[in-house]
Amino acid sequence: MAIWLVVGVVLMTVFNQFNTRQPPQNTLEYSAFLDEVREGRVAKVLIQGRTLEATTLDGKKITSYAPPDLWMVSDLLKYNVKVVAKPEEEQSFLTSIFVSWFPMLLLIGVWIFFMRQMQGGGKGGAFSFGKSKARMMDENTNQVTFADVAGCDEAKEEVSEFVDFLRDPTKFQKLGGRIPRGALMVGSPGTGKTLLARAIAGEAKVPFYSISGSDFVEMFVGVGAARVRDMFEQAKKSAPCIIFIDEIDAVGRQRGAGLGGGNDEREQTLNALLVEMDGFEASVGVIVIAATNRPDVLDPALLRPGRFDRQVVVPLPDIRGREQILKVHMRKVPLAPDVDASILARGCPGFSGADLANLVNEAALFAARANKRLVDMDDFERAKDKIMMGAERRSMVMPEEERRNTAYHESGHAVVARLLPKTDPVHKVTIIPRGRALGVTMQLPTEDRYSQDRERLLNTITVLFGGRIAEELFMHQMTTGASNDFQRATDLARRMVTQWGMSDKLGPMVYGEEEGEVFLGRSVTTHKNMSEASLQTVDAEIRRIIDEQYGLARRLLEENRDKVEAMTAALLELETIDADQINDIMEGKPPRPPKPVATPFKPPVDDDNKPGAAPNDDAAAAEA
Ligand code: ADP
Ligand code: ZN
């Protein structure tokens with residue numbers, strides 16, 4: 001667009017240059033001109049439109065501009081002036097065409113330009129709607145192998161069969177085995193489903209077509225189905241190969257569900273997909289891999305044998321898996337000797353593969369910002385905090401009163417957490433605003449945990465109340481800062497009662513159905529299978545749990561006022577305290593000074609020769 005604009009402006013200017021004529025010199029007023037004529041000094045007059053150009057007897061030229069004067073010519077003749085008339089000077093034919101057509105041409109140019117853009121490179125013209133938008137990656141551009149996928153060994157094992165098949169389809173056919181046509185990868189976002197599918201293609205050295213389920217869905221009915229057919233058409237041509245459909249739930253939702261009845265377009269697309277998957281012989285060598293994180297909303301027809309009959313679960317990595325994934329990604333950055341992937345892996349439970357990749361990247365960015373040569377443990381810790389708690393907002397100015405309030409609030413959480421058994425150890429407390437929180441108390445589990453017991457849940461609720469109670473006890477006020485705590489506490493209590501059967505009064509029963517995505521998936525309406533009476537009991541039970549834990553938290557904090565005061569003082573002074581310092585405070589000792597930061601942040605220094613400019617020089621030398 002910019003280029004077009006510049007061209008347009010340049011043309012206009014050039015054009016204007018030509019168009020403006022030099023104003024004639026020696027221009028006289030009309031009456032002065034007439035005087036000249038009357039005095040007989042003019043020999044000849046050239047009339048061109050309204051412009052008069054006179055030549056005097058002594059050969060000088062004078063010009064003037066005539067008003068509509070009918071008698072002018074007869075006047076002139078009376079004084080013996082030779083009169084010549086010419087047609088008004090016309091713009092040249094070409095310029096006039098140009099002037100009248102230029103805007104039109106510009107418009108047409110812009111239009112063509114946009115059409116090109118819309119067609120994405122212009123292949124297929126304006127009628128390429130029905131073409132599949134699958135991106136093809138051939139065996140040379142796809143360099144991902146199983147070595148790049150870490151921490152999901154079971155999933156890798158399950159799909160390695162596909163690799164064997166793609167490498168040598170005939171081997172299996174000779175034995176009459178039926179190769180699955182497709183696999184459904186199930187797992188939360190970022191667990192590496194796409195990566196694993198690409199690794200299969202990379203290992204087998206076959207082309208990899210990837211498309212997202214939402215790419216099929218268009219405004220026009222029938223387009224999605226056409227795209228599905230086109231995609232299979234293309235894939236068959238380059239078989240053996242892999243088709244990867246990301247987010248298949250966009251098209252593969254159960255038919256006839258959702259608000260407003262069925263969605264014709266989506267159903268047609270899904271039907272086309274089913275037909276295609278049935279239609280090709282397994283021997284063709286096309287394997288369809290789909291990914292989703294909601295297998296529960298998929299149409300059962302998709303999961304029948306001969307379609308996505310194999311489900312590969314790609315779970316969130318456990319601690320060992322996280323360590324391996326970190327190592328995979330750490331290969332790409334220069335590491336300081338103090339970096340220990342196993343310690344890091346322990347500190348980020350619940351991180352997905354994508355989070356871990358992001359962690360390494362953020363750490364490298366922190367190191368680069370501080371002009372370091374190597375990425376050290378400190379960078380990784382800061383990156384981890386940023387991902388877990390949101391970016392620090394140091395620039396946010398908090399009034400002193402609010403800072404004190406936040407410090408008491410976080411101390412309240414931390415002290416209660418430390419006093420109760422069966423809670424996750426407090427890892428860090430900070431009153432630096434992060435993300436949308438004013439302060440954070442970070443608890444980290446010592447190991448990955450896959451279920452929760454009742455006591456642990458109750459204690460979690462108590463810890464959540466610690467914040468508000470500390471505000472009340474020490475600041476004698478209530479703030480809105482605790483609303484999220486309450487929400488989580490109430491939610492936990494409700495689920496303990498209604499889903500997990502942890503209330504003695506109500507017993508092991510599920511009350512009310514779990515409300516999923518109400519307006520999209522299968523559950524268009526949730527049935528409340530609850531009588532009015534049990535509804536009341538449920539409420540009463542939730543209330544009881546909350547009241548009891550609130551009371552417990554209050555008692556704990558009242559008995560340990562000194563600890564809260566000490567921790568608040570430490571927080572106000574240091575802003576962030578870690579597990580060791582919290583230990584000191586809980587033992588009644590003054591907190592130890594904060595660990596010296598290995599490489600303090602320095603503004604970028606360009607001069608490499610300045611002594612001490614690069615704080616990490618020693619480490620670099622040691623490495624070398
Ligand atoms: P999904 O498709 O499950 O949403 P992706 O495969 O797109 O997740 O993962 C995104 C990125 O996260 C990958 O490109 C990779 O860098 C990283 N990643 C995810 N899982 C793993 C893993 N198991 N091993 C190594 N890297 C991973
Ligand atoms: Zn809180």
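Figure 1. A nitrogen atom of ligand 1 sits 2.9 Å from an N or O atom in the side chain of H329. K193 brings a polar side-chain atom to 2.9 Å from an oxygen atom of ligand 1. G190 uses its backbone: one of its N or O atoms is 2.8 Å from a ligand 1 oxygen. Taken alone, ligand 1 exposes 560 Å², and the protein buries 78% of that. Accessible areas come from the Shrake-Rupley method with a 1.4 Å probe, and for residues only the protein chains shown count as cover. Elements giving two or more residues to the shell are α7 (193–204), α12 (319–330) and α14 (353–369). Helices (H or I, at least four residues) and strands (E, at least two) are DSSP runs, numbered from the N terminus. Of the 15 residues around ligand 1, A150, G190, K193, T194 and H329 come nearest. A residue belongs to this set if one of its heavy atoms lies within 4 Å of the molecule. This is a predicted model, in which local features need pLDDT of at least 70, side-chain atom pairs count only at pLDDT 80 or more, and totals for chains, interfaces and linings use all residues. Residues are numbered from 1 along each chain as its sequence is written, chains are lettered from A and ligands numbered from 1 in the order in which they are written, and side-chain values use heavy atoms, with hydrogens and water left out.

**Figure 2. The zinc ion (ligand 2) and its protein donors.** Three residues coordinate the zinc ion at 2.0 Å: H409 through NE2, H413 through NE2 and D485 through OD. Donors are N, O and S atoms within 2.8 Å of the metal (3.2 Å for Na, K and Ca); water is not among the atoms, so the site may look incomplete. Along the sequence, the donor residues follow the spacing H-x3-H-x71-D. H409 lies in helix α16 (residues 400–419) and D485 in helix α18 (residues 483–498), so this pair ties together parts that are 76 residues apart in sequence. H409 is buried, at 6% relative accessible area. D485 is buried too, at 8%. Buried means under 20% relative accessible area, exposed over 50%, and partly exposed in between (1.4 Å probe, protein chains only).

**Figure 3. K428 and its partner D385.** K428 belongs to strand β12 (residues 426–430). K428 counts as buried, with 16% relative accessibility. The side chains of K428 and D385 make a polar contact at 2.3 Å. Neighbours within four places in sequence aside, K428 touches D385, M389, V440, T441, M442, T576, I577 and D578. Contact means heavy atoms within 4.5 Å.

**Figure 4. Helix α11 and its cover.** The 16 residues of α11 (residues 264–279) should span 22 Å at 1.5 Å a residue, and the end C-alpha atoms are 22 Å apart, which agrees. The expected span is 1.5 Å times one less than the number of residues. Buried residues of α11 are E265, R266, E267, T269, L270, A272, L273, L274, E276 and M277. Their cover includes β7 (182–186), α8 (213–216), α9 (223–237), β9 (241–246), α10 (249–252) and β10 (286–292).

Figure 5. F33 in helix α2. F33 lies in α2 (residues 30–38). F33 is buried, with a relative accessible area of 1%. Beyond neighbours within four places in sequence, F33 contacts L28, V45, L52, A54, S64 and L76. Two loop residues with positive phi. Most residues other than glycine have a negative phi, and most peptide bonds are trans. K422 has a phi near 55°. K422 sits in the loop between α16 and β12 and is partly exposed, at 35% relative accessible area. H476 has a phi near 50°. H476 is found in the loop between α17 (454–475) and α18 and is exposed, at 67%.

Terms used. Polar contact = N/O pair within 3.5 Å; in protein donor to acceptor, adjacent residues only side chain to side chain.
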